[in-house]
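Please look over the protein shown below before reading on.

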Amino acid sequence: MMSELAAFIMTCLSAVYFIMPAYIANLSGLAFGGTTPVDFGKNFIDGHRIIGNGVTWKGLIFGTITGTLVGAIEGVLIWDPVYGLIVGFLLSFGALLGDAAGSFIKRRLGINRGRPAPILDQLDFIAGALILASLYTTISSETVIIIAILTLIIHLISNMVAYLLGMKEVWY
């Protein structure tokens, strides 16, 4: 029983280690974002913004760079810096593309920036990251499930803490 629990904990830690460049890229894109939106303020054929002001070129570039650096560091730690650099880039860039795709979907559904879209808000960046990284490396379904569940939990807890600290207006 204990060895099964230890194996499960190690699998969870490995999944978090693997997806860390995407987490960092997503966070960095938000922290370092601003300025020119990726859609240049243009509207889609439905008359609504293509993506919106929340996804910017500065955030895309800096998020990709910071996430890629995390991947490179992880690669050095596992004695395969080239793998870390490539996977770090794919996870980072994929996360930010996934976030942009989520914003595109929200605009098509008529959901304004900052308004909740449960599940989509939490997993769009993970989906983009895993799809792009899977072009280079094999990702088990077990890892995908663990990452999705942990991301939902981490997202909810971090939003609740931000709300309690007065950094967010809503707890979700």
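Which elements are included in what covers the buried residues of α4? The cover includes α1 (2-31), α3 (81-108) and α5 (141-164), where helices are DSSP runs of H or I with at least four residues, strands are E runs of at least two, and both are numbered from the N terminus. This is a predicted model, in which local features need pLDDT of at least 70 and side-chain atom pairs count only at pLDDT 80 or more, while totals for chains, interfaces and linings use all residues. Residues are numbered from 1 along each chain as its sequence is written, and side-chain values use heavy atoms, with hydrogens and water left out.

**Helix α4**
- The buried residues of α4 are Gln-122, Asp-124, Phe-125, Ile-126, Gly-128, Ala-129, Leu-130, Leu-132 and Ala-133, with buried meaning under 20% relative accessible area, exposed over 50% and partly exposed in between (1.4 Å probe, protein chains only).

**Overall fold**
- The protein chain has 5 helices and 0 strands, and along the sequence these follow the pattern α-α-α-α-α.
- The C-alpha trace of the protein chain spans about 55 × 35 × 30 Å along its principal axes.
- Of the 172 residues in the protein chain, 37% count as buried.
- Among contacts (heavy atoms within 4.5 Å) between residues at least 6 apart in sequence, 67% join residues at least 24 apart.

**Charge**
- The protein chain carries 9 positive and 10 negative side chains, and the centres of the two sets lie 16 Å apart; Lys and Arg count as positive and Asp and Glu as negative, without His or the chain ends, and each charge is placed at NZ of Lys, CZ of Arg, CG of Asp or CD of Glu.
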